[in-house]
Amino acid sequence: MIKSMTGFGRAEIADEERKFTVEMKSVNHRYLDINLRMPKKLSIFEASIRNLLKEYIQRGKVDVFITYEDFTQKRVNIKYNREIAAEYLGYLRDMCSEFQLKDDICVSHLSKYPEVFVMEEQSLDEKELWSFLEQGITQAACQFVEERKKEGAHLKEDIITKLDGMNDKIHLVEQRAPEILKEYRAKLEDRTRELLADSQIEDSRIAAEVVLFADKICTDEETVRLRSHVNNMKNVLQEGDGIGRKLDFIAQEMNREANTILSKANDLETSNIAIDLKTEIEKIREQIQNIE
């Protein structure tokens, strides 16, 4: 199943000690561009997160938002810096002696000085934390992929409808070709009689001119190739993942053939059909930009 490059996924996973919330959203991009926003303490998992997401995503600009809540207090300890306290105490006593001050130093005063007591987080169990975080990312990524598949199904249906319409227009070009030659032959005969004032004109001369004209405006090769590209694109749409670049290349080739048909057109009706073909191809290319 084909996937769109736009999508959204969210997962929340929690227990009595912690909670992770993972949100993902994406827009079109030529390559895979993952932008992670998460607490600094989780940065050690950045490479693992990217590798995990690559299993689910091939293309697109993906923003990933991760929040982390710790419900316990046991991960924080108070650290007493004995050396710093002793140094403060030494300087305070020096001041008392030097300036003949009353020594009223007490523990409550000393404890308020910077760095005497500090809050220190305990080291995290990285293996346990990653196992928990991995579950949240996997759940969000699965929902994200499902949303992309749903949107991809709509894109596929729309593109196939447009391709069927193109086949109809190609058929009109093919039908119009012999009519153009008949009209040209009639105009040529009328014009020749008018100029020469002679009703006896050699059919072979007229036929030769018509053959030259037919060769000049012939679009048989272009319509055959264009129809082949249309059918090829339909087949590629059945392949599944990672077909965006291939579809874009086919659309470029389709546009090339439509341009040639337009340049050869010596008929207003055919020109209009060719312009309609180019318009449909451009619409298809716009849709293809949304496919992974």
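Which residues in H7 meet which residues in H8? In this predicted model, the H7 side of the contact consists of Gly244, Leu247, Asp248, Ala251, Gln252, Met254, Asn255, Ala258, Asn259, Ile261 and Leu262. On the H8 side stand Ser271, Ala274, Ile275, Leu277, Lys278, Ile281, Arg285 and Ile288.

The geometry of the pair can be stated briefly. Two packed helices are described by the angle between their axes and the distance between those axes. Helix H7 covers residues 244–264 and helix H8 covers residues 268–288. The angle at which they pack is about 165 degrees, and their axes are 9 Å apart. An angle over 145 degrees counts as roughly antiparallel, so H7 is roughly antiparallel to H8. The crossing in which H7 passes H8 is left-handed.

Helix H8 also holds Glu280. Its relative accessible area is 14%, and buried means under 20%, so Glu280 is classed as buried. Once neighbours within four places in sequence are left aside, the contacts of Glu280 are with Lys162 and Met166.

From this pair of helices, the description moves to the whole protein chain. The protein chain contains eight helices and six strands. Along the sequence they follow the pattern β-β-β-α-β-β-α-α-β-α-α-α-α-α. Of the 292 residues in the protein chain, 35% are buried. When contacts between residues at least 6 apart in sequence are considered, 78% of them join residues at least 24 apart.

Phe45 gives an example of two residues separated in sequence. Phe45 sits in the loop between strand E3 (32–37) and helix H1 (46–54). Phe45 and Leu129 are 84 residues apart in sequence, while their C-alpha atoms are 9.6 Å apart in space. With a relative accessibility of 5%, Phe45 counts as buried.

Gln100 lies in the loop between helix H2 (82–99) and helix H3 (107–110). The phi angle of Gln100 is near 55 degrees, which is a positive value in a residue other than glycine. Is Gln100 buried or exposed? Gln100 has a relative accessible area of 72%, and the cut-off for exposed is over 50%, so Gln100 is exposed.

Glu115 is placed in the loop between H3 and strand E6 (117–121). Phi of Glu115 is near 75 degrees, again a positive value in a residue other than glycine. The relative accessibility of Glu115 is 45%, and Glu115 therefore counts as partly exposed.

How many disulfides does the count come to? The count is zero. Cys96 is buried, at a relative accessible area of 13%, whereas Cys142 is partly exposed, at 36%.

Key:
Residues are numbered from 1 along each chain as its sequence is written. This is a predicted model: local features need pLDDT of at least 70, side-chain atom pairs count only at pLDDT 80 or more; totals for chains, interfaces and linings use all residues. Side-chain values use heavy atoms; hydrogens and water are left out. Axes are lines fitted to C-alpha atoms, for helices over the stretch in contact, and angles run from 0 to 180 degrees between N-to-C directions. Helices (H or I, at least four residues) and strands (E, at least two) are DSSP runs, numbered from the N terminus. Angles under 35 degrees count as roughly parallel, over 145 as roughly antiparallel, 65 to 115 as roughly perpendicular and the rest as oblique. A crossing is left-handed if the near helix is turned anticlockwise from the far one by less than a right angle, and right-handed if clockwise. Contact means heavy atoms within 4.5 Å. A disulfide is a pair of cysteine sulfur atoms within 2.5 Å. Buried means under 20% relative accessible area, exposed over 50%, partly exposed in between (1.4 Å probe, protein chains only).
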